[in-house]
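Dear colleague,

My notes on it come directly after.

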Amino acid sequence: MTKVFTEDLSDLTVGELLRRWPAAVRIFLDYKMNCPACPIAPFMTVDEAAGEYHVDAQALKRDIEQAIGSAAPSHTTGERP
Amino acid sequence: MDRQRRVELVRPVGLFSGLDDEGLGAVADAALELPVSKGEKLFEQGDDATHGYVVGWGQIRLDQVTPDGQNVVLRHMGPGEMIGIVAVFRRIPFPATPVVLEDGLVFRWSAARLSDLMARFPLIAQNALNVVGGRIEELQRRLQEVATQRVEQRIASALLRLANQAGRRVEEGIEIPFPLSRQDLAEMTATTLHTVSRTLSAWDQEGIVESRRSSHLVIRRPHRLVEIAGQA
């Protein structure tokens, strides 16, 4: 399983997470979090987003890891032309 | 600057996305480098569209004056974004005035050179379509906001859009790293200076933004703005 959440968690923003592992979008929506459409996703860590939505951060991260477990990271730059 | 650095600066530009080194080289060779200083205007609304531009670095605000003399801020442009290229191709006068917000550098191509480059590298035209499409989507969202959102929501949405396009994470929150006056915000959101002032003062008191201490506005509680904008 892909280990996303090592000691880097505090540095990984929601925007970066979603860019590299689009499969995680589903989990945010399941948790009723609007991060995939949010203009400040590039600036918020997963922990911060969980805090704002009053969601259990550990459960969220566990479910995200499960969702992206077999998915390869996306290699696009994500920049729109 | 040397050619290689120029190539590296045009490489990530959306308009030139997917070009190989030969294409990027041709683009870089055909460009004129223009340092620009704060307050300068690249051209005036209504001028003949003789040249197209791409921002190398810096921030530029696109202003448009309405028929009754009011100023509207259309959008902000940062590194890698194109300015005036659509007007060049449509052969219409420039529809807006780009105002330099901080010292920087732009690349400029004449209409003839842009034509040449597009003929040699059709991918450039495809990319232009994509960029313009993205801007249309943004304008449609803003139009929808003006039609359906209360003024506080529009101001919140405008700040979030700016944060998304140009924001920098700082310790206190997200900084908008160029001077943004209350008048600017009024012109971006189709409302009055009075309303913007009242709104920002209230948000300042609530700790949502820090708008008084320095010339750069800081969004201290960005998620709260997202809630106000109705996007949470």
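Predicted model: local features only at pLDDT ≥ 70, side-chain atom pairs only at ≥ 80, totals over all residues.

Residues are numbered from 1 along each chain as its sequence is written, and chains are lettered from A and ligands numbered from 1 in the order in which they are written.

Between the chains, 19 residues of chain B and 11 residues of chain A take part in the contact (C-beta atoms, placed from the backbone, within 7 Å). On the side of chain B that touches chain A, two or more residues each come from α5 (123-148), α6 (151-166) and α9 (222-228) of chain B; helices are DSSP runs of H or I with at least four residues, strands are runs of E with at least two, and both are numbered from the N terminus.

Chain B is divided into domain 1 (3-137) and domain 2 (149-228), with bounds from an automatic or database domain assignment. Their C-alpha centres lie 27 Å apart. Each of the two domains of chain B gives eight residues to the contact between them. On the domain 1 side, β3 (71-77) and β5 (97-110) of chain B each give two or more residues, and β3(B) gives the most, with four residues.

In chain A, A:A37 is placed in the loop between α2 (25-30) and α3 (46-52). A:A37 counts as exposed because it has 12 C-beta neighbours inside 10 Å (exposed means 12 or fewer other C-beta atoms within 10 Å, buried 20 or more, and partly exposed in between, with C-beta atoms placed from the backbone).

Yours sincerely
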